[in-house]
Protein chains: 4
Amino acid sequence: MYISVVGNSVCGDEIGEIAREVGVEVARLGHILVCGGLGGVMDQAAKGAKEAGGEAVGILPGRDREGASRWLTIAIPTGMGEGRNVIVAMAGDAMVAVGGELGTLSEIALALKMGKPVVGISSWDLGGENKLPIVRVEKPDEAVRVALDLASK
Amino acid sequence: MYISVVGNSVCGDEIGEIAREVGVEVARLGHILVCGGLGGVMDQAAKGAKEAGGEAVGILPGRDREGASRWLTIAIPTGMGEGRNVIVAMAGDAMVAVGGELGTLSEIALALKMGKPVVGISSWDLGGENKLPIVRVEKPDEAVRVALDLASK
Amino acid sequence: MYISVVGNSVCGDEIGEIAREVGVEVARLGHILVCGGLGGVMDQAAKGAKEAGGEAVGILPGRDREGASRWLTIAIPTGMGEGRNVIVAMAGDAMVAVGGELGTLSEIALALKMGKPVVGISSWDLGGENKLPIVRVEKPDEAVRVALDLASK
Amino acid sequence: MYISVVGNSVCGDEIGEIAREVGVEVARLGHILVCGGLGGVMDQAAKGAKEAGGEAVGILPGRDREGASRWLTIAIPTGMGEGRNVIVAMAGDAMVAVGGELGTLSEIALALKMGKPVVGISSWDLGGENKLPIVRVEKPDEAVRVALDLASK
């Protein structure tokens, strides 16, 4: 299966370590990681997947591979800017969101709209009247396991 | 200026009337309305704009004009599915969200990510830790006026 | 109906005049012109359509309206670069190509692939083994008339 | 490097064998093959790349992986229809066209427009006034070697 991992292009050590562990777990279980291909959460998730011997696919916003994470095993430029978020969401059988800001929120909303399960760690808290149907978990391995479970149903 | 109006493709009478009044106001002030071109909020906003003698542009998800609102003065098929949400967000100098579900949330997030002001009526209540920087208003004419003000800055 | 007019973003006076007359004819017959929204053939076709009181829609490659023809009545930025060529082709019920280089060839090929009729004036001569099924005409009004005829079938 | 291989989704044995050999050569030299991910030339090129132990990336037109070649090592749905041709062209440092019809011609034109070298085997013969700057070769290994040479310049 393909797991989309989304999050901010700049992140602190703690979020980065969570993203890396998500990447490790996706690869360790034999699945393919897809991300937006840049820095921060994307970079660390790709690092984890590659270190664990798996595939890390980056769907890049630009027209070339400039700025791409060096951990990607496959880097695909799209020239579509934020439009590539749609492909990141579509390419996953499930999505794991680690932290994240507005770009991540757009990816979460798109994935949910497409009917795909989304699991979040330290990600958007959409309380208030309209709660988002994100499954919240605490740990990276749990995030991947839940995402795979939901995608299998 | 161009104002993107976003919301659900199915809506009740109350939300529909708000959308229509937003469309009227955009056109009355001489601006161009852009929307996703289908039913519900999109249809009613287009109706308002057209009735007030203005332009209503629909950026359609499909490969042809099937299902397009009959009130559009310009209908552009894209064949991109939810990918057209990116264009709807990009085409506006500001966005007005009326109600809305997941597709609308993706459009709000994309517009904010692009640095565009977003004004909401009865739209996403994103309480909790991460509040979205949406300006909340009550009335259609106020929504359009605030959106235009913010876009002029 | 919608007629896509495609051609180079830089052109000489002769080709420009043909493009302008194509735009005039599209508008005079009550149809909507769609183009790539930049200079050259696009600019002149839009000028013709607007001067004749019609609509000239530009589907722009950039993320904003910079560089857009000032004759457009509707300008839609897409942020997709050449990717917008797909929308230009899809939005027309038929295509008229005036002159043109590689970008134009991609639009012709995409329109033909989508099953849309393409009429060319001084455009790609694809002789040799694989002739393109473009209808070649000499005059702007003939181009528009033939395009509309073919689109009506 | 990344080599885009384009051609028809249905092909005879001879063209299929050429495509397969192109795929083998791309992988044998340690490069990554990108294609449109469906049948015919795409399928056979992917088969060659995979059999030679390399990567075969498919950029799919649909919203899911239905109809994808079973030889792909990575399959990315885009939901963009022909719009994915732009990504196929953009993702390659060079393009090899094997046979091909209108979709292939659009990919060739887009790649040339983006400044990428294109090598053709039994592909578009664009004689007449406007010859396309495609390098024509006879053999699959030569096609890949020339494409890589040109991309390195």
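This report covers the sheet, the salt bridges and a few single residues of a predicted model.

## Basis of the model

The model is predicted, with local features needing pLDDT of at least 70 and side-chain atom pairs counting only at pLDDT 80 or more, while totals for chains, interfaces and linings use all residues. Residues are numbered from 1 along each chain as its sequence is written, chains are lettered from A and ligands numbered from 1 in the order in which they are written, and side-chain values use heavy atoms, with hydrogens and water left out.

## Sheet of chain B

Chain B has an open sheet of seven strands in parallel pairing, ordered β4-β3-β2-β1-β5-β6-β7. Helices (H or I, at least four residues) and strands (E, at least two) are DSSP runs numbered from the N terminus, and two strands pair if DSSP finds at least two bridges between them. The edges are β4 (74-77) and β7 (135-136) of chain B; each has a single partner strand, so one side of each has no neighbour in the sheet.

Strands β1 (residues 2-7) and β5 (residues 94-98) of chain B are joined by five bridges in the parallel sense. B:Val6 stands opposite B:Ala97 in β5(B). Helix α1 (residues 13-28) of chain B lies across β1, β2 (32-35), β5 and β6 (118-121), at about 155 degrees to β5(B). Helix α3 (residues 84-91) of chain B lies across β1, β2, β3 (56-60) and β5, at about 140 degrees to β1(B). Axes are lines fitted to C-alpha atoms, for helices over the stretch in contact, and angles run from 0 to 180 degrees between N-to-C directions; contact means heavy atoms within 4.5 Å.

## Salt bridges

Over all chains, the structure holds 20 salt bridges, each a side-chain nitrogen of Lys or Arg within 4 Å of a carboxyl oxygen of Asp or Glu. In chain A, A:Glu51 bridges to A:Lys47 with the closest N and O atoms 3.9 Å apart. Both residues lie in helix α2 (residues 40-51) of chain A, four residues apart, about one turn of the helix. A:Glu17, A:Arg20, A:Lys47 and A:Glu51 are linked in a salt-bridge network.

C:Arg20 bridges to C:Glu51 at 3.4 Å between the closest N and O atoms. C:Arg20 is in helix α1 (residues 13-28) of chain C and C:Glu51 in helix α2 (residues 40-51) of chain C, so the pair ties together parts 31 residues apart in sequence. In chain D, D:Arg20 and D:Glu17 form a salt bridge at 2.9 Å; both are in helix α1 (residues 13-28) of chain D, three residues apart.

## A buried lysine and a buried alanine

C:Lys116, in the loop between α4 (102-113) and β6 (118-121) of chain C, is buried yet has no salt bridge; C:Asp93, the nearest side chain of opposite charge, is 5.5 Å away. Buried means under 20% relative accessible area, exposed over 50%, and partly exposed in between (1.4 Å probe, protein chains only). Lys and Arg count as positive and Asp and Glu as negative; His and the chain ends are not counted. A polar atom of the C:Lys116 side chain lies 3.3 Å from the backbone oxygen of C:Met90.

A:Ala27, in helix α1 (residues 13-28) of chain A, is buried at 10% relative accessible area. A:Ala27 touches A:Ala49, A:Ala52 and A:Gly54, not counting residues up to four places away in sequence.

## Ser122 in chains A and D

A:Ser122 has a positive phi of about 50 degrees although it is not a glycine. A:Ser122 is in the loop between β6 (118-121) and β7 (135-136) of chain A and is exposed, at 52% relative accessible area. For D:Ser122, phi is near 50 degrees, and this residue is exposed at 52% relative accessibility.

Technical notes:
Polar contact = N/O pair within 3.5 Å; in protein donor to acceptor, adjacent residues only side chain to side chain.
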